[in-house]
Amino acid sequence: MVLFATAIFLICAASFGLNLKFEGVKEDIYTANSNFKTFIKERAVNIDNELKLIERYIEAPDFDSKAIFDFAVKNNNEYMAFFIVNERGEIEFVSDEKLRDTYSAFFLSKPWENEPEDKILRSEFMFDKSDVPTRLAAKKMKNGKILATLIRFTAIYEEFARGYERIGVNSFAIDKSGRIVFHQDPELVLERKNIFDLYDVSADYLNSDEVKFANLGSLNSEIYYIQSIPRIGLAVVSSYSVDKFLKENLLFLLICAVFLVAGAFFTIYYVKFVKNSVIKPILSIRNILAKAGRGEEIKAYANFGSIKEFEQILDEIVKFHDDFVQKKMNFEDYSRKFGFLFEKGPFVMLLIDAKSGKIIEASTKACEFYGLNDVEIKNKNLAELNASNLTDMTIRQDGEAQIYETTHFVASGEVRQVRIRKQNYELPGGEKIGFCVIKDVTKSNALKKNAQKQSEIDANSPMFSVVWKDRFIGDISSVSDNIERALGYKKSEILSNEFEFKNIIHPDDRDRLANEFNIKFSLFNAASLKKENESLQSCRLIRKNLEVINCSVFIKFISKDGRTVDEVIGYFIESKLAANLTAKTGMEIARLNDDKEGAYKNTILSLFANAQEAVAVVGLDGVFLDANEAFCRISGYSKEEAIGKPSNLLRSGVHDDKFYENMWKILLKNGFYSGKIYNKRKNGEIYLEQLSIATVYSGSKPSYFVAAFHELPWREPGIKQNESKAKEQE
């Protein structure tokens, strides 16, 4: 163990030393690169400021252009000349007339015609048989003319030389195309070499922030680092020769090499020691156990001298064997129980190969769910069942198990949404299997989605409702979710004991509305005209902000026994919206005969307010005669698709036949039905709705039915809905 620790120490010490030296070189490269970037940026800023300053002098009334430009050229030996160019690209002034013809064509091309006024403009670098490049820097003045200066960048070479003397790192500059514009080797500049000629860099080398090696293994190998300078169109490349690094750190590298060799030697020695002193004895014991497991005699093996203190080892083997037998019995018992669960259990379960995803075993319910027999499903891979891209799904970790939702194909071609809980296990032989429990969430996901949509619709509905316990303008038991948007009061305020609804009814309408309600309440108790006298005249309500609104009111009496009023529901809609509704439904009303027209108008208006959303007219034969736009939006069927079809078009399959029989009995007996029911949209989604059906009479005989419904928040249905649910509404 001491030898092994020594080996580890020597290797770590050598590695740490090498890393320390390399980090020092990297720090020098970073420093040199940063210094040159700062120098170039400062030079650019100085030029920008001088152009702005000269522009202000030019705008002065006593402007002496020659004096100003001569002073600027004299003050900075990098300035070769100044130009003033008009909007046509013609040179109006040049401080050095020798350069007029040279740059006339450039300015006539109007390279900066569409550039903004305050932006500092720069041309590409130009080379005139020299390794020192020139460049034009310009600014568009307020009068539309361009002030430009021609610069020869000699100071950058001087800075490169000073930087190498201080830090010992070579640096040069390239333009945005990779061409070398400043380099201590003038041949590279004159031959127009670029960065790709020197280093094997990638196309996005300007986006890299790492120190890299070039030509590693050759005499010209280097460590280099590239950083761009924003808005100037240059990048600084700093490099350090690997040969120089080796020469400067030769002694240190030799010491590290000695440490590494010594560490390797001690490691090899320790490995041999472990092999002879630990591994071989373990293999011998494993061999004994294998022979014992096969029932072979192991005493002869012990007599060869390979094992000493045989009795002690034998006791351990017997103990181990007993433990093994017990574990084997437990495993067989567990396998029987698990096999029964796969064969008779109610769950969709799969066993898969954890590496390949191939299905090894499938429960009976899994075969039923996917519509495949045992042989067919075992020939598939779990990935073959996927109907969606697994990269888009979210995986949730639950302990060692993974839970995610995806879509699977079944044999019929239908796509099911499933939730999978997968956990990997390692078998004694080292094989890894995945245990998957799969749940079909197609229906529940669709219903939750529909419930969420309906909640949004209800919150923005233009109609609102108030439910009183047993009398009009009495104690309020509930209100619709959009009450705050309609009246400005929060639900908690209206449901509090201090709130009285009569206080928000306009004083001039309060007594008239109460008297009219009392008359209709008396008619209901007397069993007279129950279905035709439940709408009240319009009234005015006062919002919380004291704004007065005109409303049409529809009152519905709810009675479980048909005699005693249990609840009174008031549905309110602004008069403007009610008038629009009457106009929009005029075409549908015209399709009914003249005897039914008046009753149909009143019923459509009332039931639209009652249900808030969807309204449909159904004939005595159960066929749709008409439907409004909200019906089409909720059900997914257009008017053309619904009209003429039987009303069981929306039947979901959740309720049995007795449920619907009882519903029609209640409707024909009482003339009205109200209850919760699960229906199905055109796309197959099932949703929960509050349904109200009223019978419209022609004389004493029923003429047709008007059904109104709106979606309710989702609630999971029972295994099978029966007639008892409908009886509750009776």
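How do the residues lining the second largest cavity divide into nonpolar, polar and charged?

Hello, and thanks for coming. First, some ground rules. What we are looking at is a predicted model, where local features need pLDDT of at least 70, side-chain atom pairs count only at pLDDT 80 or more, and totals for chains, interfaces and linings use all residues. Residues are numbered from 1 along each chain as its sequence is written, and side-chain values use heavy atoms, with hydrogens and water left out.

Let me begin with the overall picture. The protein chain has 730 residues, and 41% of them count as buried. By buried I mean under 20% relative accessible area, while exposed is over 50% and partly exposed is in between, using a 1.4 Å probe and protein chains only. The chain holds 23 helices and 26 strands. Those are DSSP runs, numbered from the N terminus: helices are H or I with at least four residues, strands are E with at least two. Among contacts with a separation of 6 or more, 47% join residues 24 or more positions apart; contact here means heavy atoms within 4.5 Å.

Now to the empty spaces. Rolling a probe the size of a water molecule over the atoms shows where empty space is left. For us, a cavity is a set of points, on a 1 Å grid over the protein atoms alone, where a 1.4 Å probe fits but cannot get out, and lining residues have an atom within 4 Å of a point. Grid points are joined across faces, edges and corners, and a volume is the space filled by probe spheres set on the points. By this rule there are three cavities of 30 Å³ or more.

The largest cavity has a volume of about 140 Å³. It is lined by 16 residues, and those closest to its centre are Ala44, Ile47, Arg122, Arg135 and Phe153. Helix H1 (2-59) and strand E4 (134-140) are the elements that give two or more residues to this lining, with H1 providing the largest share, five residues. By class, the lining of the largest cavity has twelve nonpolar, no polar and four charged residues. In this scheme Ala, Val, Leu, Ile, Met, Phe, Trp, Tyr, Cys and Pro are nonpolar, Asp, Glu, Lys and Arg are charged, and the others, Gly among them, are polar. Domain 1 (26-153) and domain 2 (156-244) each supply at least three residues to the lining of the largest cavity; the domain bounds come from an automatic or database domain assignment.

Back to the opening question. The second largest cavity, at about 70 Å³, is lined by Val201, Tyr205, Ser208, Glu210, Lys212, Tyr224, Tyr225 and Ile226. That lining divides into five nonpolar, one polar and two charged residues. Its largest share, three residues, comes from strand E9 (residues 222-229).

Next, the packing. In soluble globular proteins, nonpolar side chains tend to be buried together. A nonpolar core, as used here, is a set of buried Ala, Val, Leu, Ile, Met, Phe, Trp, Tyr and Cys residues joined through side-chain atoms within 4.5 Å. The largest one has 47 residues, and Phe182 and Ile195 touch the most other members. H1 gives this core its largest share, eight residues. Domain 1 (26-153) and domain 2 (156-244) both contribute residues, so this core lies between them. If you click on Phe182, you will find it touching residues including Phe125, Phe153, Tyr157, Phe172 and Leu234. Apart from that core lies another, of 28 residues, among them Ala486, Leu513, Ile549 and Val553.

Finally, a few single residues to look up. Lys110 sits in the loop between helix H3 (100-108) and strand E3 (120-122). Its phi is near 50°, a positive value in a residue other than glycine, and Lys110 counts as partly exposed at 33% relative accessibility. Leu546, in the loop between strand E19 (535-542) and strand E20 (548-558), has a positive phi too, near 70°. Leu546 counts as exposed, at 67% relative accessibility.

Ala401 is buried, with a relative accessible area of 0%. Lys422 is 21 residues away from Ala401 in sequence, yet their C-alpha atoms are 5.5 Å apart.

Conventions:
On a 1 Å grid over the protein atoms alone, a cavity is a set of points where a 1.4 Å probe fits but cannot get out, and a pocket is an open set with protein on both sides within 12 Å along at least five of seven lines; lining residues have an atom within 4 Å of a point. Lists of a residue's contacts leave out its neighbours within four places in sequence.
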